[in-house]
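Hello,

Here is the structure I said I would pass on. Please look through it first; my notes on what was found follow below.

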Amino acid sequence: LPEAVCLGESMAVLLPERPGPLETVEGFRVSLGGAESNVAGALAALGVRSGWISRVGDDGFGRRLTAGVAARGVDVSAVVVDPARPTGIYLKEVGGSTGEPHDLGSGRSRLHYYRAGSAAAALSPALLAEPAAARLLAGARLLHLSGITAALSDGCLELVRTLLVRPRPAATRGLLVSFDLNWRPALWHGRDPAVLPALMDAADVLLLGADEAEAVLGTGDPHALRARFPSPANVVVKDADRLVTAVGRDGTAVGEAALTVEVVEATGAGDAFAAGYLAGTLRGLDQRRRLRLGHLSAACALTAPGDQAELPPREVVAALLDASAGD
Ligand code: KDG
């Protein structure tokens, strides 16, 4: 059974064959994306048995998604196929220097979601009565959730609340629950992000970017965030210069800078970081090595074209971790 279970929506991703405004793009390549399944895949690559709980449509994209996540070594036995609702899609717009009107500009990209009413948006607390999901949760040590799910529908928000906020149900009572803020403003139109702080404080491990914390909470300062969220064992803040600071409950802060790499495609790097940090947590590594494992895993996502990190063999990761752990 998986040690770590990640729950949330994944989608078919349409990547443009060339940069430029969508009105001029002729073709797209199909890929797979979704924050929580990215984490599950990166955990598996780091040697942590992982599972992914979600819902997909009874369609080709749903089958492709489930098979793709399974091919990364993730347990997909608790993925439910919805007979009526479709698998969600997102489309990436990549800026270039085409000079065409509405070009986002080189180095910039935007996600366009087609996921309202998707199979995964129908997730709700009813999940707890699903035998396959109950089985995975019962055998796990860690459950990973994100703020994306809280934005998808009332049922999804209720599910996140139920799993996370104390008193927790029997299904998650003994688990370490991590929560990555994953602020996606486009998903919150017509929904109130004021629900987020209570979810953040209920987590055991809270992961967030300083920029998104600034947008949602008005501060990205790790100590201010620690003071704001007293409950999590660790508050892990990634800043714009890619310094990550983990602050424990006693206020002890450990900061670790990211590796310098040539960025090919940044999507999914936050998920890979989360996977590294969480794998380090499950392995009982000290705070600095957890952060380093997060950075190593993120570096792999940053240097790969898709959303997912291709990690080097486990022995190489272990050697790199120790080589970089000079203390
Ligand atoms: O973290 C990467 C995700 O943003 C991407 O895979 C798509 O899950 C996704 C989302 O909802 O934005």
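A residue counts as buried when its relative accessible area is under 20%, and as exposed when that value is over 50%. By that cut-off Asn182 is buried, because its relative accessible area is 8%. Please keep in mind that this is a predicted model.

The ligand

The ligand is surrounded by 15 residues. Ala35, Tyr113, Arg115, Arg184 and Asp271 are the closest of these. Sorted by class, the shell consists of six nonpolar, five polar and four charged residues.

- Arg115 places a polar side-chain atom 2.7 Å from an oxygen atom of the ligand.
- Arg184 has a side-chain N or O atom 2.8 Å from a ligand oxygen.
- Gly34 takes part through its backbone, with a polar atom 3.0 Å from an oxygen atom of the ligand.

How much of the ligand does the protein bury? On its own the ligand exposes 320 Å², and the protein buries 97% of that. Two elements give two or more residues to the shell, namely helix 1, residues 35-45, and strand 9, residues 109-114.

Arg115 also has a relation to Tyr113, another of the closest residues to the ligand. The charged end of Arg115 sits over the ring of Tyr113, at 4.7 Å from the ring centre.

Aromatic pairs

Two aromatic pairs turn up when the whole structure is searched. Such a pair is described by the distance between the ring centres and the angle between the planes.

The cut-off for edge-to-face is an angle over 60 degrees. Tyr90 belongs to strand 8, residues 89-94, and Tyr113 to strand 9, so this pair ties together parts that are 23 residues apart in sequence. Tyr90 has a relative accessible area of 3% and is therefore buried.

The other pair is formed by Trp183 and Trp188. Their ring centres are 6.0 Å apart and their planes are at 25 degrees, so the pair is stacked. The cut-off here is an angle under 30 degrees. Trp183 is buried at 18% relative accessibility, and Trp188 is buried at 6%.

Buried residues elsewhere

Ser54 is found in the loop between strand 4, residues 50-53, and strand 5, residues 55-57. Is Ser54 buried or exposed? Its relative accessible area is 0%, so Ser54 is buried. The side chain of Ser54 reaches the backbone oxygen of Gly8 at a distance of 2.9 Å.

Val13 is part of strand 2, residues 11-16. With a relative accessible area of 1%, Val13 is buried. Val13 and Arg168 are 155 residues apart along the chain, and 34 Å separates their C-alpha atoms.

Lys92 lies in strand 8, the strand that also holds Tyr90. Lys92 counts as buried, because its relative accessibility is 2%. From the C-alpha atom of Lys92 to that of Asp192 the separation is 25 Å, and the two residues are 100 apart along the chain.

Backbone details

Which peptide bond is cis? The bond from Arg166 to Pro167 is cis, and its omega is near 0 degrees. Pro167 is in the loop between helix 5, residues 154-164, and helix 6, residues 170-173.

His102 has a positive phi, near 70 degrees, and is not a glycine. His102 is in the loop between strand 8 and strand 9. With a relative accessible area of 61%, His102 is exposed.

Asn182 likewise has a positive phi in a residue other than glycine, in this case near 40 degrees. The loop that holds Asn182 runs between strand 11, residues 176-180, and helix 7, residues 196-202.

Regards

Conventions. Residues are numbered from 1 along each chain as its sequence is written. This is a predicted model: local features need pLDDT of at least 70, side-chain atom pairs count only at pLDDT 80 or more; totals for chains, interfaces and linings use all residues. Side-chain values use heavy atoms; hydrogens and water are left out. A residue is near a molecule or strand if one of its heavy atoms lies within 4 Å of it. A polar contact is a pair of N or O atoms within 3.5 Å; within protein, one must be able to donate a hydrogen and the other to accept it, and residues adjacent in sequence count only if both atoms are side-chain atoms. Accessible areas come from the Shrake-Rupley method with a 1.4 Å probe; for residues, only the protein chains shown count as cover. Helices (H or I, at least four residues) and strands (E, at least two) are DSSP runs, numbered from the N terminus. Ala, Val, Leu, Ile, Met, Phe, Trp, Tyr, Cys and Pro count as nonpolar, Asp, Glu, Lys and Arg as charged, and the others, Gly among them, as polar. Rings of Phe, Tyr and Trp (its six-membered ring) pair if their centres lie within 6.5 Å; planes under 30 degrees apart count as stacked, over 60 as edge-to-face and the rest as tilted. Buried means under 20% relative accessible area, exposed over 50%, partly exposed in between (1.4 Å probe, protein chains only). A charge sits over a ring if NZ of Lys or CZ of Arg is within 6 Å of the ring centre and within 35 degrees of the ring normal.
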